[in-house]
Amino acid sequence: MTDVSRARNIAIVGSHHAGKTTLVEALLSHCGAVSRKGSVVDGTSTTDHEPECIAHAQSTTVGFAHCSDADIDMTLIDCPGFVDFLEETRLAISGADAVAIAIEADPARVAQIQNLVDFVEARGLPHLFVINKLDRAGSDFAGTLAALQSAYGRHVVAEHWPIGMAESFRGYADLATRKAYLYDGTRERESALPEELHDRVDRARGELLEAMADFDDHLMEQILEGIEPSQEVVERDLCVECSHDQIVPVLVAAGLPGYGVTALLRAMERWFPSPADAPAVDAEGRPIELRPDGPVIAHVIKTTIHPQSGKLSIVRVLSGTLKPDATLTNVSRGDEKVRAGGLYRLQGKKQEPIAEAGPGSVVALARLESVATGDTLTTNGLRILLPHVRRAEPVFAVAVRPKERIDEAKISQMLARIVDEDPALRLQRAEITNELQLMGSGEQHVSIAVERLGRKYKVEVETHPPTIPYQETISAGTEIHSRYKHQTGGHGQFADVWLRVAPCERGHGVTFEEQIVGGVVPRQFIPAVEKGVREALMHGSLGGYPVTDINVILFDGAYHDVDSSEQAFKTAAGMGIREALPKCSPAILEPIVHVTVTVPTAYTSAVIQQLTGKRGQILGMNPGDKPGVDIVEAYVPQVEIARYITELRTATQGLGTYAWRHDRFEPVPGKWAGPKAPV
Ligand SMILES: Nc1nc2c(ncn2[C@@H]2O[C@H](COP(=O)(O)OP(=O)(O)OP(=O)(O)O)[C@@H](O)[C@H]2O)c(=O)[nH]1
Ligand SMILES: [Mg+2]
């Protein structure tokens, strides 16, 4: 079994298209973990192996890989950068002990990763930044570093200073050692620091030492007295302070040509903690002892399903040693006993069978059918709950319908499996419209899930925006006389009713009363009248939507001894309602939702303007629970927020989030020109 102090579990996260997957590929190739270096552009990278990743040339799910360097075993968790997949990233981060955050050398990108960095900081995970793609024209290292410092504080500090930029980017100065290196592919060779960088590097080194001295009084004294600290002190402080999440070093790289890979590996090996250095805690904050011979405690951080080979549950082993045929207790699901059907290490899509997995490992268990992402698995009947990663509510929905009628039964089942793989998705049957809706974190998230459904389960679906559950009502009353008389050969049909229709207050619903005196409508026919009334009210006169907030009274009528029947009374009542409604000043009611938008202060006024433009009624604006964040509350018609998440993200560099709930129905102003109710 691997010595746990030699293991590292590292999540590679960052801004969209920052070059994370390319960097992971370069790391794997440098360590000899892959025989041939893949490329995201060719669709051959190790971690972007999902067909949807290849089709969209971006990570659409978390990828796992591992490599060894200098006797250190590293599990790399390549996380998607696109904002729609933030939930996936957040869950996967719970399997990591440290995080490398990649960002393009562009100050404008810094704001875009704020939610992600906030999450990493809140979990107290040691992390570093890699300013990547420095070979690209227009790269701005100093500007990006300054933006990172202004967003996350002075403890985010350069440890590397680039030599050259864009097409001349060719190496870096290590500020801790004062040595300069030039790249030779993924290797580097020591070189003299170019003359013109001396001052710049000295200043940057001074800033690095000052930041480190905040956590080392002795170093602070040396700096104040102008004494040059020893190399050992600087290197030791970097290790200690980075692994304790005090200092956040900034490195340089260009993953595509493989630049910076050696230095990044060295940093991850030396500065990032092993699972033994950063013991996990349970839901109550008690540390979990890392015992290879103790009961197994494992946390499911990701689920994938292969239509043929079944389910893979990717777990982080917190304690104990997993075996391929382990019988486990699923503490999160009523202590259900489950038995694994294989244990693997993942290298992208490759599953490498292993005999055991000790504490600190991130491995895949096969065929745990009832197990879901987030579950806690144990042995020896151990009951333990791990900290819960709070899930964001889905903010985008589509209605789904199978293209082929025969798939009707299959579709819910298959969609449920897609949701099983990605807990940020949700499947629901809409209350009023009865539509099957797939909900997720954004348009792309949901559309990729639909693609996955087609590929994995051969179920083709049509999607459309969810039908808005409009209703109709009336604002005036009337009395109507309706007689149904029909003679066909034998005995005929006869019913005669007088109905009084009146509007009611909002939320009243539909009520029916009878005030028949003297048996002019016999008792046994009254339920049929009510049925006729209620059925007719299912389809209003304006758009065919259900009519609500209305009271109907049956107050008079007539019958025939032979020709009257329940059917005749039902028909007469329905005819009466259809005739009455257009005379009662009908109106369409639309659902109004209450939205709570969380947004960085810089975008608050833009958000308010956007909501106002959506016929929104702003209720208030308050500071959020974090500095620099506002919460805007508003009432908005539901129809206006169908694509709101996309518009909100466009207006806020992807940082705005929102939650909504149905509040009430309100009349639509003006003449109704909207859609008819689906039949
Ligand atoms: N010039 C240059 N291009 C790069 C570099 N690294 C990646 N790219 C290109 O940038 C694009 C995105 O690279 P990816 O590795 O997929 O980026 P990513 O961060 O994994 O993207 P997501 O996971 O989708 O957020 C691809 O076209 C890469 O070829 C680099 O160092 N220099
Ligand atoms: Mg990627």
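**Architecture of the model**

Guide: The domain assignment divides the protein into domain 1 (4-271), domain 2 (297-378), domain 3 (396-464), domain 4 (472-584) and domain 5 (588-667); such bounds come from an automatic or database domain assignment. This is a predicted model, in which local features need pLDDT of at least 70 and side-chain atom pairs count only at pLDDT 80 or more, while totals for chains, interfaces and linings use all residues. Residues are numbered from 1 along each chain as its sequence is written, and chains are lettered from A and ligands numbered from 1 in the order in which they are written.

Visitor: What percentage of the residues of the protein count as buried?

Guide: A residue is buried if 20 or more other C-beta atoms, placed from the backbone, lie within 10 Å of its own, exposed if 12 or fewer, and partly exposed in between. The C-alpha atoms fill a box of roughly 110 × 55 × 45 Å along the principal axes. Of the 679 residues of the protein, the buried share is 45%.

Visitor: How many helices and strands are there in the protein?

Guide: Both are DSSP runs numbered from the N terminus: helices are H or I with at least four residues, and strands are E with at least two. On that basis the protein has 16 helices and 32 strands.

Visitor: Which residue in β4 is the bridge partner of G14?

Guide: Strand β1 (residues 7-14) and strand β4 (residues 98-104) run parallel and are joined by 5 bridges. Within this pairing, the partner of G14 is A102.

Visitor: Which helix gives the most residues to the shell around ligand 1?

Guide: A residue belongs to the surroundings if its C-beta atom, placed from the backbone, lies within 6 Å of the molecule. There are 21 such residues around ligand 1, and the closest are G19, T22, Q58, S59 and G81. The shell divides into 7 nonpolar, 10 polar and 4 charged residues, where Ala, Val, Leu, Ile, Met, Phe, Trp, Tyr, Cys and Pro count as nonpolar, Asp, Glu, Lys and Arg as charged, and the others, Gly among them, as polar. With 3 residues, the greatest contribution from a helix is that of α1 (residues 20-30).

Visitor: Why is one side of β21 and of β23 left without a neighbour in the sheet?

Guide: The open sheet of 4 strands is antiparallel, in the order β21-β22-β20-β23. β21 (426-429) and β23 (461-464) stand at its edges, so one side of each lacks a neighbour because each has a single partner strand.

Visitor: At about what angle does helix α11 run to β21?

Guide: Angles run from 0 to 180 degrees between N-to-C directions, with axes fitted as lines to C-alpha atoms, for helices over the stretch in contact; contact requires C-beta atoms, placed from the backbone, within 7 Å. Helix α12 (residues 443-457) touches β20, β22 and β23, and its direction makes about 125° with that of β22. Helix α11 (residues 408-421) lies across β20 (396-402), β21, β22 and β23, and its angle to β21 is about 145°.

Visitor: Is D335 buried or exposed?

Guide: D335 is in the loop between β14 (327-330) and β15 (336-339), and it has a positive phi of about 60° although it is not a glycine. Most residues other than glycine have a negative phi. Because D335 has 11 C-beta neighbours inside 10 Å, it counts as exposed.

Visitor: Which residue in the turn between β25 and β26 has a positive phi?

Guide: Strand β25 (residues 478-486) and strand β26 (residues 493-503) run antiparallel, joined by 9 bridges, and I480 stands opposite L499 in β26. The two strands form a hairpin with 6 residues between them, and the turn residue with a positive phi of about 60° is G489.

Methods: Two strands pair if DSSP finds at least two bridges between them. Two residues are in contact if their C-beta atoms, placed from the backbone, lie within 7 Å.
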